[in-house]
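Here is a short report on one protein model. Look at the structure first, then read on.

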Amino acid sequence: MGKIIVAGIGPGSEQDITSAVIQAVREADVVVGYKYYFRFIEKYLKPGTECIDSGMKQEKVRVRQALDLAIQGKTVCVISSGDSGIYGMAPLLYEMRSELKAETEIITLPGISAFQKAASLLGAPIGHDTCIISLSDLMTPWLLIEKRIRAAAQADFVTAVYNPKSHGRYWQLYRLVEIFLEEGRSADTPVGCVRQAGRNDEKVWITTLSELDPEEIDMFTVLIIGNSQTYSDGAAMITPRGYYRDAKESGRKIGQDIMHESFRTIAGELRRTDYPLGHKWALLHAIHTTADFEMEKILYSDDFAVERMYEKVAQGQIKTIVTDVTMASTGIRKGALARLGIEARCYLLDPRVSQMAEELKITRTQAGIRLAVEEHPDALFAFGNAPTALMELCSLIRQGKAHPAGIVAAPVGFVHVQESKYMLLPFKDIPKIIVKGRKGGSNLAATLCNAILTFDDARNLEPGRDL
């Protein structure tokens, strides 16, 4: 009885063939494989070695021939490109041996897979958990492939993509990109593309998920899509394993790491993934503070409201944030305020407030807003408790006495709460964020202010800088 050695010959260059595979080829009486790959091993064949090719898409024929030859007592080497166990001949050999109840010995020798070779050419993109998906639906139904794509995207795997495109399969890669974006993968996620890895016409380039052009891809290309931690330094694509986390994050507190993980969890559970960046940043902060995914329904922001308010902060136009109650001002990060040169003020404890409220028969929060507008008419105003304070500001805006740079409206309660928020909506020229309905709170008002102050961290999903 002979034996079968099923061997991966690597992606296509001589230096990527292992010594064990070379030795197996030298010892073989017969080599079975697709003829295109004979060129890579013919120099190692002993004189008289028979080479058998049954053509494209004739894998079952080749495997049956190999088993028959081994039964005749010959040493047969069945070759696959890459690794024989990854989309290669090894599984079919074991399946057919079992079906035929043959006792033929099979030895499997690993080879360098195309995705491994591609990864080495790209730098270090598979430094963490990785999966491989083939887009070929010749043997796997497309709907099952799509489930696997979605699962990979949801689980934040680095994903290697085989058979991304062919003449007949022109649309599948477009759908893969669409699914990854639907599942929250950033549009800036690095994507490495390697064509003809290890061969003479090898081509390597790095793009992003949003800029990937499927028309540049063909069946000889392997793609590697990064996870949420993958980045490109311009020359290479890197997925950190975590060894340098302590050194890299030595200036960060534990709470910031927890916040990072929380934001990524929230982003993965949002019903929609196509929110504008500013609104999404505010939404992530709101849900992180409340653990309430109803915020997706009730958090309102004007078009580019966060972006517009942050621009005023960055340009030094916002110097003061006025809050209705002290709890809201307390929750605004002191580090962010100091870094940006902004003061957070609440007038509620100002001795003038009690006197004004008593004289005018208004609430203390109303009086606080009147004083604030006299001294800071162009401040960023944030409300987390008192609807009467928000209503007061709306009245002062209509009188031309207040010109807020922006408004965060999150008063909470049952009396005049919803009406106060409706009163704010007509001011189209003032960028605003509103927590609609009865919900709100000082914690929400503060976290939405923090979202505005840290908007420059939004694109990379890096919350908590000023904790």
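## Terms and model

Helices (H or I, at least four residues) and strands (E, at least two) are DSSP runs, numbered from the N terminus. Axes are lines fitted to C-alpha atoms, for helices over the stretch in contact, and angles run from 0 to 180 degrees between N-to-C directions.

This is a predicted model: local features need pLDDT of at least 70, side-chain atom pairs count only at pLDDT 80 or more, and totals for chains, interfaces and linings use all residues. Residues are numbered from 1 along each chain as its sequence is written, and side-chain values use heavy atoms, leaving out hydrogens and water.

## Two packed helices

Helix α16 spans residues 387-398, and helix α17 spans residues 417-424. They pack at an angle of about 25°, with axes 9 Å apart. Therefore α16 and α17 are roughly parallel (angles under 35 degrees).

Which residues of α16 and α17 meet? Pro387, Leu390, Met391 and Cys394 in α16 touch Val417, Ser420, Lys421, Met423 and Leu424 in α17 (heavy atoms within 4.5 Å). The residues of this contact are 7 nonpolar, 1 polar and 1 charged.

## Cysteines

How many disulfides does the structure hold? The count is 0, where a disulfide is a pair of cysteine sulfur atoms within 2.5 Å.

Methods
Angles under 35 degrees count as roughly parallel, over 145 as roughly antiparallel, 65 to 115 as roughly perpendicular and the rest as oblique. Ala, Val, Leu, Ile, Met, Phe, Trp, Tyr, Cys and Pro count as nonpolar, Asp, Glu, Lys and Arg as charged, and the others, Gly among them, as polar.
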